[in-house]
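Let's take a walk through this structure together. Have a look at it first, and then we'll go through it piece by piece.

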Amino acid sequence: MAVYTEVTDEDLSSFAAQYDLGAVLSCKGIAEGVENSNFLLVTERGPYILTLYEKRTRKEDLPFFLGLMEHLAEKGIACPLPVAARDGVALRELCGRPAVIVTFLAGMWPRRITPQHCAQLGEALARLHLAVGDFRMERPNALALPGWKDLFARSAPRADEVAPGLRETLETELAALEANWPAGLPAGVIHADLFPDNVFFRGDSLSGLIDFYFACNDFLAYDVAICINAWCFEIDGSFNATKARLLLSNYRKVRPLSRAELDALPWLCRGSAMRFLLTRLYDWLNHPPGAFVRPKDPLEYLRKLRFHQTVRGLGDYFLDDSDAAGA
Ligand SMILES: Nc1ncnc2c1ncn2[C@@H]1O[C@H](COP(=O)(O)OP(=O)(O)O)[C@@H](O)[C@H]1O
Ligand SMILES: N[C@@H](CCOP(=O)(O)O)C(=O)O
């Protein structure tokens, strides 16, 4: 994350006094991430994460996110669990922001992605998709086509400052996505931001998933496309087919992918590239002065988008049906 809201010692002590967590021993802003303000809060009971929800996280969506984490934890998915204060309520307010304490998840996110990380990710993503099958709350995806158009409209006047011709590229691609976006694929609750920094490993084993604050209802295969973009490209921009093959084959061992989902992958990958290109572009152009945050590079996602624009089917990803659909 980042830290957008500073919390004074006095604010923190009266906030923590509402919980049965003992005295606060330390509270330190976490530099990673970009969306919300996160602090590592150490109390007499151990380490916790204190999150203050910022700009893109709407207060009315918080019961969905917190309910989802509780549901997943009950289903045996390792993820943070909201901690209730003495009155039984987890969602509170601190420094004028909605705020929650969640349990601390041990592990580290992988700085250098290996094919084995991708294999474990594929299985964990499919398990997540099965585990939410009976989660009854819903949240439409605010960052689907209408949300992309809105972000584009707000960034378009200055887009060419980031790369010459970017405005026109985005406009043309949005029209193509609108004309070709798949319909009727299997849908459910997706994580929607399962990047390497949201997946923890202990040693070589995946130990848990965090950051459910973009979770929403959408096509399950769109979550797969988000992961392909986030995990299967190298720093030099090249696509790593071995990583994608392992991600897909381990996913489908738990949840098979239909023919329609496979055929839709190129468009889902283009849409996912567009989504992260647009949020990064908007954040790049609207960086809050003085905030403790490192905006992410929008052009990384422009390069990924350009790659997917050349793809016509699974073969262009050097994948075939047996990699993805089942042997
Ligand atoms: N439950 C948790 N357990 C351990 N570390 C966490 C937990 N939640 C967040 N973190 C730490 O905070 C960082 C940012 O959290 P994240 O939820 O990704 O923030 P944001 O929503 O702002 O992107 C993570 O990379 C991790 O280092
Ligand atoms: N994953 C997004 C940014 C959101 O950051 P996170 O800290 O919530 O993972 C991106 O890379 O653009």
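Find helix 4, which covers residues 145–162, and helix 8, which covers residues 259–285: in this predicted model, their axes come within 9 Å and cross at roughly 60°. Angles from 65 to 115 degrees would count as roughly perpendicular and those under 35 as roughly parallel, so helix 4 and helix 8 are oblique to each other. The crossing of helix 4 and helix 8 is left-handed.

Now hop over to ligand 1. It has 19 residues around it, and Asn36, Asn38, Thr103, Leu105 and Asp211 come nearest. What kinds of residues make up this shell? Ten are nonpolar, five polar and four charged. For the polar contacts, look at the oxygen atoms of ligand 1: one is 2.8 Å from a polar backbone atom of Asn36, while the side chain of Asn198 has an N or O atom 3.1 Å from an oxygen of the ligand.

Next comes ligand 2. Among the residues around it are Gly33, Phe195, Asn198, Asp211 and Arg280. This shell divides into three nonpolar, two polar and six charged residues. A polar side-chain atom of Arg280 sits 2.6 Å from an oxygen atom of ligand 2, and one from Asn198 lies 3.0 Å from a ligand oxygen. On its own, ligand 2 has 330 Å² of accessible area, and the protein covers 95% of that.

Key
Residues are numbered from 1 along each chain as its sequence is written. Chains are lettered from A and ligands numbered from 1 in the order in which they are written. This is a predicted model: local features need pLDDT of at least 70, side-chain atom pairs count only at pLDDT 80 or more; totals for chains, interfaces and linings use all residues. Side-chain values use heavy atoms; hydrogens and water are left out. A residue is near a molecule or strand if one of its heavy atoms lies within 4 Å of it. A polar contact is a pair of N or O atoms within 3.5 Å; within protein, one must be able to donate a hydrogen and the other to accept it, and residues adjacent in sequence count only if both atoms are side-chain atoms. Ala, Val, Leu, Ile, Met, Phe, Trp, Tyr, Cys and Pro count as nonpolar, Asp, Glu, Lys and Arg as charged, and the others, Gly among them, as polar. Axes are lines fitted to C-alpha atoms, for helices over the stretch in contact, and angles run from 0 to 180 degrees between N-to-C directions. Helices (H or I, at least four residues) and strands (E, at least two) are DSSP runs, numbered from the N terminus. Angles under 35 degrees count as roughly parallel, over 145 as roughly antiparallel, 65 to 115 as roughly perpendicular and the rest as oblique. A crossing is left-handed if the near helix is turned anticlockwise from the far one by less than a right angle, and right-handed if clockwise. Accessible areas come from the Shrake-Rupley method with a 1.4 Å probe; for residues, only the protein chains shown count as cover.
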